[in-house]
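Some notes on this model follow, point by point. Please read them with the structure open.

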There are 2 protein chains.
Amino acid sequence: MGLPDIVAAARAGDRRATARLLTAVENQTNGENGIDASEVARLVTGGDALIVGLTGSPGVGKSTLVSALIAAWREAGLRVGVLAVDPSSPFSGGAILGDRVRMADHALDDGVYIRSVATRGHLGGLAATTGAGVRLLEGLGFDVVVVETVGVGQAEVEIASLADTTLLLLAPGMGDGIQAVKAGVVEIADVYVVNKADRPGADGAVRDLKAMMSLVRREPGEWRQPVCTTVAAESKGIDDLVAAIGKHRDWLAEGDRLALKRRQRAAAEIRARVDAALRERYKVPEALAEAVADGETDVASAARSVLGDTGQTSSPSHRAAS
Amino acid sequence: MGLPDIVAAARAGDRRATARLLTAVENQTNGENGIDASEVARLVTGGDALIVGLTGSPGVGKSTLVSALIAAWREAGLRVGVLAVDPSSPFSGGAILGDRVRMADHALDDGVYIRSVATRGHLGGLAATTGAGVRLLEGLGFDVVVVETVGVGQAEVEIASLADTTLLLLAPGMGDGIQAVKAGVVEIADVYVVNKADRPGADGAVRDLKAMMSLVRREPGEWRQPVCTTVAAESKGIDDLVAAIGKHRDWLAEGDRLALKRRQRAAAEIRARVDAALRERYKVPEALAEAVADGETDVASAARSVLGDTGQTSSPSHRAAS
């Protein structure tokens with residue numbers, strides 16, 4: 001089966017074909033397993049998916065919410081792809097004591113493709129891997145691509161930059177709301193979701209979030225993050241959440257906003273790819289680490305040595321793309 | 001006041017002097033504010049601090065635990081420095097609705113120095129900044145240096161690599177235990193701490209953790225992570241935790257283990273410094289991102305263009321340290 005056949009099969013909903021292409025673009029293969037990643041990038045382009053980022057601490061119910069959202073989007077006839085970057089996600093497999101969330105509802109549906117993104121050995125390259133995966137699924141004709149991440153770290157911020165609309169999921173009872181906002185997640189989230197809204201403390205969490213939102217000064221026309229409430233395990237509040245996501249997409253479609261987002265996404269992907277290549281190229285020799293540990297040299301001098309320079313900071317030629 | 005005087009003052013417990021030196025090494029100053037970072041690195045070396053990493057999701061009680069640990073270490077006559085990398089930590093200031101934890105107990109104690117590490121604008125450089133701070137506090141004679149981080153992301157893994165002993169803090173009721181272990185934190189944590197141990201579910205969390213520990217096969221002599229329980233707000237369980245940390249330090253002191261840790265720490269610091277410099281040097285031009293967004297070129301070609309090459313992957317000269 002040639003590459004065009006594999007692509008055609010993937011477009012038609014063949015999971016194995018989709019998986020082969022994803023593996024190729026994630027690993028940037030040069031013909032291994034019969035697939036060349038750059039050829040895939042040439043063949044599979046375009047598309048106009050809604051890219052949804054979903055982040056939140058472990059235990060807030062991200063996977064359950066994704067499952068409920070998939071059901072709603074499928075009902076609307078949309079094809080949905082999910083990339084779970086969250087290493088604690090049940091989607092990522094590797095269950096230790098058994099997963100509580102099962103995706104049996106969607107396991108036999110050709111309009112749904114769920115995949116975990118390996119997080120090992122991708123130091124600096126996780127966003128590159130994820131970006132390539134998002135681009136592929138979009139090019140294959142998926143209408144919605146969900147990227148699930150955990151936490152509020154730098155990796156999440158980078159990966160969120162791949163999404164059009166980022167959801168921050170919170171659960172009552174852990175002071176998550178206040179702390180997440182303090183952590184600056186207010187800047188990456190487009191929609192807040194308080195899940196497990198039937199639990200005590202949910203009203204307080206919503207109130208706190210809204211109070212904090214009201215403190216943020218915004219220009220006219222700027223997006224105001226809505227606060228949605230869900231009980232994902234019972235599919236409650238999902239329709240309102242889907243509507244809020246759609247509203248944000250409509251807002252993005254006005255003027256240059258979506259084009260700007262797509263440029264930012266491209267920049268983040270290039271950045272991630274460049275960083276991964278540089279990490280390969282500029283390795284830290286064992287002997288140098290030992291010299292620093294023994295106090296024979298300092299960290300700054302050692303870094304200069306790895307960089308092969310004495311402190312110049314100018315960029316090399318930045319050739320424009322053809 | 002010359003640099004040697006500032007260093008002497010910092011060694012004697014002068015907070016302002018310590019703050020000035022930290023600012024200098026974090027920002028890698030070249031004489032701004034009268035201090036040269038590389039001169040500080042030359043003057044302030046050595047030391048033999050216990051470097052403790054503390055990580056956990058927002059809301060598990062990290063800051064309260066740090067406060068209780070400080071009290072215990074102070075009672076033992078040890079000087080304690082804290083670097084809070086956690087942007088949601090009350091130590092980091094910037095309270096929105098008021099902090100619930102106050103450090104009033106330690107505010108007037110010259111043997112305690114607490115500082116937040118700015119997390120903005122340190123893309124790729126957070127570990128570099130933190131590493132320089134740890135090294136400085138150690139050189140100034142602090143006996144214990146605590147690095148507090150949040151979450152389980154890549155940044156936390158990098159920062160944990162700076163520590164001798166890493167504590168993973170969990171709280172009952174959020175399924176944190178199982179999910180954290182699934183997230184691979186098992187590999188970075190040396191001691192598990194179940195905080196809020198007076199809450200329902202604490203026994204179950206401890207049982208789950210121990211059950212999972214028992215599944216991990218270990219070589220003879222390998223470290224077996226203990227599971228400690230605390231009620232940090234009431235200083236319960238702190239002595240046992242301090243003992244567990246000491247036990248891990250003793251284990252590290254056997255053979256080459258501590259030397260290896262220190263080499264790994266140095267390697268992580270150099271790596272972080274190199275990455276930050278490379279990010280400055282290889283910027284992604286706006287026009288290139290636009291070309292990718294418009295489908296005129298692909299991400300891989302754009303990355304090669306930024307790298308100024310056509311795919312070579314060999315390293316430049318790796319000069320050995322003098």
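1. Start with one pair of residues. A:Leu83 has A:Val147, in strand 4 of chain A, as its bridge partner. This is a predicted model.

2. That pair belongs to a parallel arrangement: strand 2 of chain A and strand 4 (residues 144-148) of chain A are joined by five bridges. Strand 3 (residues 112-116) of chain A also pairs with strand 2 of chain A, again in the parallel sense and over five bridges. There, A:Ser116 of strand 3 of chain A sits opposite A:Ala84.

3. Which way do the side chains go? In a regular strand they alternate between the two faces of the sheet. Here A:Val80, A:Val82 and A:Ala84 point one way from strand 2 of chain A, while A:Gly81 and A:Leu83 point the other way. All are buried. With five of its five residues buried, strand 2 (residues 80-84) of chain A is therefore largely enclosed by the rest of the structure.

4. Now the whole chain. Chain A holds 12 helices and seven strands. Of its 322 residues, 53% count as buried. Among contacts in chain A between residues at least 6 apart in sequence, 72% join residues at least 24 apart.

5. Mean pLDDT for chain A is 80, with 79% of residues reaching 70 or more. Helix 9 (residues 238-253) of chain A scores highest, at a mean of 96, and helix 7 (residues 176-182) of chain A lowest, at 47. Residues 176-184 of chain A fall below 50, yet this stretch has 31 contacts in the model beyond near neighbours in sequence. Where pLDDT is low, the predicted coordinates should not be read in detail.

6. For the complex, the predictor gives an ipTM of 0.75 and a pTM of 0.69.

Terms used
Residues numbered from 1 in each chain as written. Chains lettered and ligands numbered in written order. Helix = DSSP H or I, 4+ residues; strand = E, 2+ residues; numbered from the N terminus. Buried ≥ 20, exposed ≤ 12 C-beta atoms within 10 Å, placed from the backbone. Contact = placed C-beta atoms within 7 Å. pLDDT = per-residue confidence, 0-100. Pairing = 2+ DSSP bridges.
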